[in-house]
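Please find below my notes on the model.

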Amino acid sequence: APDIREALRERILVIEGPKGTMIQQLGLAEEEFRGALFPTPPRDLKGNNDILNLTQPERVQAIHHEYAAAGADVLATNTFNGTPISQAEYGLAEWAYAINVAAARNARIAAEAAVKADPGRPRWVAGAMGPTNKMLSLSPDVNDPGFRAVTFDQMVEAYRTQARGLIDGGVDLLLIETIFDSLNAKAAAFAVQEVFDEIGRTLPVMISLTIIDKSGRNLSGQGVEAFWTSIRHVEPLTFGINCALGATEMRPFVEEMARLATCYTCVYPNAGLPNPLAPTGFDETPEHMAEVMREWVERGWVNMIGGCCGTTPAFTRRFTEIAAGAPPRVPPAPDPSETVFAGLETYRITPDRPFTMIGERCNVTGSRAFARLIREKRYEEALAVARRQVEDGANLLDVCMDEGMLDAEAEMRTFLNLLAAEPDIARLPIVVDSSRFDVLVAGLKCIQGKAVVNSISLKEGEEEF
């Protein structure tokens, strides 16, 4: 396919709608999910939409064909739960790579058929990488806020498997989507970069946040600006919002995203709120949703649009109509005069705000009292030290665990994980402070925001640095 960047400069593109809504309408039985491939699977497969890429490829291709016929420029693979972590729920973790290869091929078959039918209109295949069913930023156990069900490295490994499968299957770009935990997204982006390094080429990457309520935050507590600050180093092709609230409720966040993103934007909301009595299970009609989104198009907020849960090819057709002929958004240039960090909220250093105060009391080398609290594992009191600095006006929070008697790596991890569960502290960006690379890396793997790394020096030579 030609370069998608050129197309985005010229017009507003439309991304394909959800596979789940369409698959549900098929009413498939357990036997159909299993197909010939899994006569005796480890557990029931009904509801595992991703396995249909292998067991019912024609049905998946037919859904892609319908969306393409409705005008979708970008077809997204049926791989929302395509990581080994998500497939483990069905006992099929080792099938993840094969699922992604098959999914990419299914979408590619539909894309090629669409180009054959209408040679003047290119189509692209995006490899969809969903959020998984685990969180890196928060504990699943309310009684143990420092616990994590998965590690950063395990998450990276899972996303590497998925990315490799999608790329080997022939996708044009990768879509890290429905992000409810920003640290999961950072793991996905890191995994993708590792795969690019291995194969010696890069693909454009799309990144899409999901917000859970009218405050505009995702589940791990970041708003649009903090999330953008945390992932902009990836230099994505598009930054956007999907799923979540319906189009009407999403308006202020789309406006904010359009102001911030120095890349292209992509928005695909749900069809309103879930409603079991509505034909698609959601409130909004194609007409109403397209009317709401028409404003976004007219105000120059979007470069790519589409629908998420509850939308169908009928919606895609309407989106294609409102996108046709409309000028695309022109991304703003980055502002080189500001430095931006993020915890749950952003902190800017600009020419007119040159003074920044770093809270230095969560430092075992600088505070005997704090060192004693950590040694005695009195973490509640250690967190109180952090909280007091926030209340006293610190802009960033330094955390250092370098002391001979401590396992600095483990303590850094423990303290930062506990801190993540305290929104009043976690709103500040963190300064990870250590003279040891392994401790710095361990700290960064716990932080969903954009942190500062303190005290790397060149004393061991440039190579090591």
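**Notes on side-chain and helix contacts**

1. R387 has a relative accessible area of 22% and is therefore partly exposed (buried means under 20% relative accessible area, exposed over 50%, partly exposed in between, with a 1.4 Å probe and protein chains only). Its side chain meets that of E422 in a salt bridge, 2.7 Å from N to O (a side-chain nitrogen of Lys or Arg within 4 Å of a carboxyl oxygen of Asp or Glu). E422 is in the loop between α16 and α17 (423-426) and R387 in helix α15 (residues 379-391), so this pair ties together parts that are 35 residues apart in sequence. Helices (H or I, at least four residues) and strands (E, at least two) are DSSP runs, numbered from the N terminus.

2. On the basis of these values: the model is predicted, local features need pLDDT of at least 70, side-chain atom pairs count only at pLDDT 80 or more, and totals for chains, interfaces and linings use all residues. Residues are numbered from 1 along each chain as its sequence is written, and side-chain values use heavy atoms, with hydrogens and water left out.

3. How many salt bridges does a search of the whole structure find? The search finds 30. One of them joins R164 to E198, with the closest N and O atoms 2.3 Å apart. Because R164 lies in helix α8 and E198 in helix α9 (residues 182-199), parts that are 34 residues apart in sequence are tied together. R164, at 30% relative accessibility, counts as partly exposed, and E198 does too, at 40%.

4. A further salt bridge is formed by the side chains of R217 and E345 (3.1 Å, N to O). R217 lies in the loop between β5 (205-209) and α10, and E345 in the loop between β9 (339-342) and β10 (346-349), so the pair ties together parts that are 128 residues apart in sequence. R217 is partly exposed, with a relative accessible area of 28%; E345 is also partly exposed, at 33%.

5. Helix α8 (residues 152-169) also packs on helix α7 (residues 96-117): their axes come within 7 Å and cross at roughly 35°. Axes are lines fitted to C-alpha atoms, for helices over the stretch in contact, and angles run from 0 to 180 degrees between N-to-C directions. The contact residues (heavy atoms within 4.5 Å) include Y97 and R105 in α7, and R164 and L166 in α8.

6. For helix α10 (residues 224-231) and helix α11 (residues 247-260), the axes come within 10 Å and cross at roughly 35°. Here V224, E225 and W228 in α10 meet F253, E256, M257 and L260 in α11.

7. Rings of Phe, Tyr and Trp (its six-membered ring) pair if their centres lie within 6.5 Å; planes under 30 degrees apart count as stacked, over 60 as edge-to-face and the rest as tilted. W228 and F239 form a tilted pair, at 5.0 Å centre to centre and 45° between the planes. W228 is in helix α10 and F239 in strand β6 (residues 238-246), 11 residues apart. Both W228 and F239 are buried, and ring pairs link F227, W228 and F239 into a cluster.

8. F370 and F415 form an edge-to-face pair, 5.6 Å centre to centre with 85° between the planes. F370 lies in helix α14 (residues 368-375) and F415 in helix α16 (residues 408-420), so the pair ties together parts that are 45 residues apart in sequence. Both F370 and F415 are buried.
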